[in-house]
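User: I'm new to reading protein structures. Could you walk me through one with some questions and answers?

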Amino acid sequence: MPYTTSQLSDLQDITDVLHAYARAIDDNRPADVAALFTDDVVLDYGGDYTNLIGRPLAQKFFAGGTSRLYKRSAHHVSNVEIEFTGDDAANSIAYVNAWHEFNQEEFDVDMPNAWIYGRYIDELVRKDDTWLIAKRTFRAMGHDAWQSPCTYIDRS
Amino acid sequence: MPYTTSQLSDLQDITDVLHAYARAIDDNRPADVAALFTDDVVLDYGGDYTNLIGRPLAQKFFAGGTSRLYKRSAHHVSNVEIEFTGDDAANSIAYVNAWHEFNQEEFDVDMPNAWIYGRYIDELVRKDDTWLIAKRTFRAMGHDAWQSPCTYIDRS
Amino acid sequence: MPYTTSQLSDLQDITDVLHAYARAIDDNRPADVAALFTDDVVLDYGGDYTNLIGRPLAQKFFAGGTSRLYKRSAHHVSNVEIEFTGDDAANSIAYVNAWHEFNQEEFDVDMPNAWIYGRYIDELVRKDDTWLIAKRTFRAMGHDAWQSPCTYIDRS
């Protein structure tokens, strides 16, 4: 761009936030997921979901998935693109290939393992030397066997 | 290696080119795909394809896929390895896990969703401070439900 | 963290080791896989496997997979998180989405293509300016059509 050492370090730290999110989800540690968000985080997951606002609601939302609906999951994050929008602010877009095995007893219909392919479109801010997700928008690129409605990326 | 700050910055920029490619493909923006190539780019996709030479032909090729054959796609890029071959030249190898949903009305046979797993083997050059793909070779590692012939990597 | 240029360079080199591993596996080059390990490497793959100790045994283990059991494979590595534990030591966690096509003639049962989703939990050391894997633990997050027992990550 060229990037400075400080910026390269920030790119690494921000990427680490995205990876920590995936690992906490797949470990079923919803409190650790929520700790990666700002207090007033906004989560726009599309589909049938209204926006979720605030860390406590986010934690509750993720706990419902990771501890109840999903028996196992694997969130493979890649294609991380980051743009600084200020000294302590950045936007990122990352791909996720998210695989899920469901707790069948929670559902009335057969729930085969399912993949959803999408993008996390994030706004991040640095607070007290820590990068946090202030807004996350999820948009799907496609899926296999995913049973819920999803909001897709715009395609030209 | 060790890398200098300038080289680390270039590694980031080159990786960003690979990600911008995937995102433009999945967004169905073939002109933006072509903008990542040099004017005299060479694309060697193997399979039944002869090499495509030049940016206009590349754009036409990708437009045929993204706007006609594919209803949706998701190109997950990972395992990016980059080697500098000069101050303004580099080779890269990256993995892609490319998922496709097809526009069924374009085909006479049933076209299930398909994955192809492969490698982009690229030669990049810097022109006017921008890294561009000068040559791209795609070789498959495997696939699920992919209907076209593909050329595989060499396995010992 | 913030990272220094030297640390950012090391992060790149360590990540390159993880990618070189995947590429050597998928190329069926088990000697090149083993060259990424220390002489006294410990491999804990879980499942039915006891720990494998030492580079020669590691090479034999991987050769059995890549040259006999697997016809093709694709090891997509992502979510690389690295923590330095000394000047010449680091721990890493990485995700892998590992796809396999089997040599059907080696099996008495039908072996469909299979995915396994897991984590490489590694200890790396620098020897003579080269980062090597001293210990690798593999734990599964899930799978589709994988026929062997696997040891899963702990989920809360």
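Below, we go through this predicted model one question at a time.

User: By what turn can chain B be laid on chain A?

Analyst: Two copies of a chain are related by a rotation about an axis and a shift along it. Here chain B goes onto chain A with an RMSD of 0.0 Å and a shift of 0.0 Å along the axis. The two copies are thus related as by a three-fold rotation axis. The turn that does it is 120 degrees.

User: Which element gives the most to the side of chain A that touches chain C?

Analyst: In this contact, 24 residues of chain A meet 19 residues of chain C. On the chain A side, α1 (5-26), β3 (70-86) and β4 (89-102) each supply at least two residues. That side divides into five nonpolar, 11 polar and eight charged residues. The one that gives the most, with 11 residues, is α1(A).

User: Which strands of the open sheet in chain A stand at the edges?

Analyst: Six strands of chain A form this open sheet, in the order β2-β1-β6-β5-β4-β3, and the pairing is mixed. An edge strand here has a single partner strand, so one side of it is left without a neighbour in the sheet.

User: What angle does the direction of helix α1 of chain B make with that of β3(A)?

Analyst: Let's look at what packs on the sheet. Helix α3 (residues 55-69) of chain A does, touching β1, β2, β3 and β4 of chain A, with its direction at about 60 degrees to that of β1(A). Helix α1 (residues 5-26) of chain B packs there too, touching β3 and β6 of chain A. Its direction makes an angle with that of β3(A) of about 110 degrees.

User: How far apart are the end C-alpha atoms of helix α3 of chain C?

Analyst: Helix α3 (residues 55-69) of chain C has 15 residues, so at 1.5 Å a residue it should span 21 Å. The value in the model agrees with that: 20 Å.

User: Which residues of α3(C) are buried?

Analyst: An α-helix has 3.6 residues a turn, so residues three or four places apart point the same way. The cover over the buried residues of α3(C) includes α1 (5-26), α2 (30-34), β1 (37-44), β2 (52-53) and β3 (70-86) of chain C. The buried ones are C:A58, C:F62 and C:T66.

User: Is C:N79 buried or exposed?

Analyst: Most residues other than glycine have a negative phi, and most peptide bonds are trans. C:N79, in strand β3 of chain C, has a positive phi near 50 degrees. A residue is buried if 20 or more other C-beta atoms lie within 10 Å of its own. With 26 such neighbours, C:N79 counts as buried.

User: And A:D128, buried or exposed?

Analyst: A:D128 lies in the loop between β5 (114-127) and β6 of chain A, and its phi is also positive, near 50 degrees. A:D128 has 5 neighbours inside 10 Å, so it counts as exposed.

User: Leaving aside its neighbours within four places in sequence, which residues is A:T85 in contact with?

Analyst: A:T85 is in strand β3 of chain A and, with 12 C-beta neighbours inside 10 Å, counts as exposed. The C-alpha atoms of A:T85 and A:L124, 39 residues apart along the chain, are separated by 9.4 Å. The contacts you asked for are A:A90 and A:N91.

Note on methods. Residues numbered from 1 in each chain as written. Chains lettered and ligands numbered in written order. Predicted model: local features only at pLDDT ≥ 70, side-chain atom pairs only at ≥ 80, totals over all residues. Contact = placed C-beta atoms within 7 Å. Helix = DSSP H or I, 4+ residues; strand = E, 2+ residues; numbered from the N terminus. Nonpolar A, V, L, I, M, F, W, Y, C, P; charged D, E, K, R; others polar. Least-squares fit on C-alpha atoms with pLDDT ≥ 70 in both. Expected span 1.5 Å × (residues − 1). Pairing = 2+ DSSP bridges. Axes fitted to C-alpha atoms, helices over the stretch in contact; angles between N-to-C directions.
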